[in-house]
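Here is a walk through one protein chain. Keep the sequence and the 3D view side by side as you read.

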Amino acid sequence: MSRCPTISDGAFDHHQSPDNRRPANFLTNERSLILYGNFIAHDFAHSWNGQYRRPVGLVTANYQAPVDTSGLWVNEGLTNYLSDVLAVRSGIWTRQQFLDQFAETAAKFDHRPGKMWRDLQDTATMAPTLWSVDGSTAYDSWRLGGFDFYGEGELIWLEVDAIIRNKSGDKESLDDFLALFFGEGGNTGPKVVSFTFEELAKALNGIVPNDWAAFFAQRLHELTPSAPRGGITGSGYRVVYRDAPSAWTALKGDKDFAYSIGMDVRPDGAISDVHIGSSAQTAGFAPPSIPRRMADPTIP
Ligand SMILES: [Zn+2]
């Protein structure tokens, strides 16, 4: 069992069942179902990625032993990608909702000034510390509060899929890697099989030869304000900014100033973050210290 912060304090991952403590109506309320319906798929995927196959640093003998969370970009990044793919394939989302959600993620990580000093690996490795001290959304885009490996990890796993498809001439895809890596144990009761970074790269090489270790090392350690877009462009798409919010963004209710003047504003009008170096900051805007729990109405 492990805590899954994607669904905040309201969920624990199990081998064979999710423990989801969201509001009872979150699957019957139309807006909640669209915005959070992928959480069901998320915990379903965790049964394999996170519970059955687990980065070796996250396997400890007991709850007192400290964990090495450096592999969370697989544990949560790949699970985030799978949860969104499963959400659209199962009909929880429409194709357009899937695309809008992905565009939103790409736009977010194209506007993360903190990526210039903190690499993606560090957000995973330092996650327990960041989670324990990070009680505010203020300047989150500069500090990177320990959740970036979810969304940015998702973009990287889309890129892995695109590389496999392009290098194999569409004969192979990430599905083949998943079947190999998570299906090799057969149908058994719950058990944990750990893996190392090297074993992960080796398994991907079994699908399509590539210098996967170098690819991941670059993505995990590069300091750039841009989102990893190889998966989007490699799949034949591009991210487009328009002057009107997408249906997805409109449904969320956030004011979309992050991609223009550099300011995040909650639906109720309160500033939750101001981007360092943005025109909003230059004009003198600053975020109050809003506890993350209050800033995110999805946290029960
Ligand atoms: Zn998770």
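Asp170 sits in the loop between helix 9 (148-167) and helix 10 (174-183). The model is predicted. Asp170 is exposed, because its relative accessible area is 58% and the cut-off for exposed is over 50%. Its backbone deserves a look. Asp170 is not a glycine, yet its phi is positive, at about 70 degrees. Most residues other than glycine have a negative phi.

Tyr139 is another case. Its phi is near 60 degrees, again a positive value in a residue other than glycine. Tyr139 belongs to the loop between helix 7 (127-133) and helix 8 (140-143). Is Tyr139 buried, partly exposed or exposed? At 26% relative accessibility, Tyr139 counts as partly exposed, since that class runs between the 20% and 50% limits.

Now step back to the whole chain. The protein chain holds 16 helices and 7 strands. How does its radius of gyration sit against that of a compact globule? For 300 residues, a compact globule would come out near 19 Å; the protein chain has 19 Å, so the two agree. Along the principal axes, the C-alpha trace spans about 55 × 40 × 40 Å.

Of the 300 residues, 48% count as buried. Take the contacts in the protein chain with a separation of 6 or more: 66% of them join residues 24 or more positions apart. The surface comes next. The protein chain exposes about 14300 Å², and carbon and sulfur atoms supply 56% of that area.

Which class does the accessible area of Arg219 put it in? Arg219 is buried, because its relative accessible area is 14% and the cut-off for buried is under 20%. Its side chain makes a polar contact with the side chain of Glu222, at 3.3 Å. Leave out residues up to four places away in sequence, and Arg219 touches Leu120, Ile156, Glu159 and Pro228.

Leu82 is buried, because its relative accessible area is 14%, under the 20% limit. Beyond residues up to four places away in sequence, Leu82 touches Ala45 and Leu178. Phe44 is 38 residues from Leu82 in sequence. In space, their C-alpha atoms are 9.5 Å apart.

Move on to helix 5 (residues 95-109), where Ala103 is found. Ala103 counts as partly exposed, because its relative accessibility is 28%, between the 20% and 50% limits. Ala103 and Trp248 are 145 residues apart in sequence. In space they are 9.7 Å apart, C-alpha to C-alpha.

The last stop is the loop between helix 13 and helix 14, which holds Tyr241. At 39% relative accessibility, Tyr241 counts as partly exposed. What does Tyr241 touch, not counting residues up to four places away in sequence? The list is Ala107, Asp110, His111, Arg229 and Tyr259. Tyr259 is 18 residues from Tyr241 along the chain, and their C-alpha atoms are separated by 8.5 Å.

Ala244 also lies in the loop between helix 13 (230-234) and helix 14 (247-252). It is partly exposed, with a relative accessible area of 47%. How far is Ala244 from Trp142, C-alpha to C-alpha? The two are 102 residues apart along the chain, and their C-alpha atoms are separated by 26 Å.

How values were computed
Residues are numbered from 1 along each chain as its sequence is written. This is a predicted model: local features need pLDDT of at least 70, side-chain atom pairs count only at pLDDT 80 or more; totals for chains, interfaces and linings use all residues. Side-chain values use heavy atoms; hydrogens and water are left out. Buried means under 20% relative accessible area, exposed over 50%, partly exposed in between (1.4 Å probe, protein chains only). A polar contact is a pair of N or O atoms within 3.5 Å; within protein, one must be able to donate a hydrogen and the other to accept it, and residues adjacent in sequence count only if both atoms are side-chain atoms. Contact means heavy atoms within 4.5 Å. Helices (H or I, at least four residues) and strands (E, at least two) are DSSP runs, numbered from the N terminus. The radius of gyration is taken over C-alpha atoms; the globule rule is 2.2 Å times the number of residues to the power 0.38. Accessible areas come from the Shrake-Rupley method with a 1.4 Å probe; for residues, only the protein chains shown count as cover.
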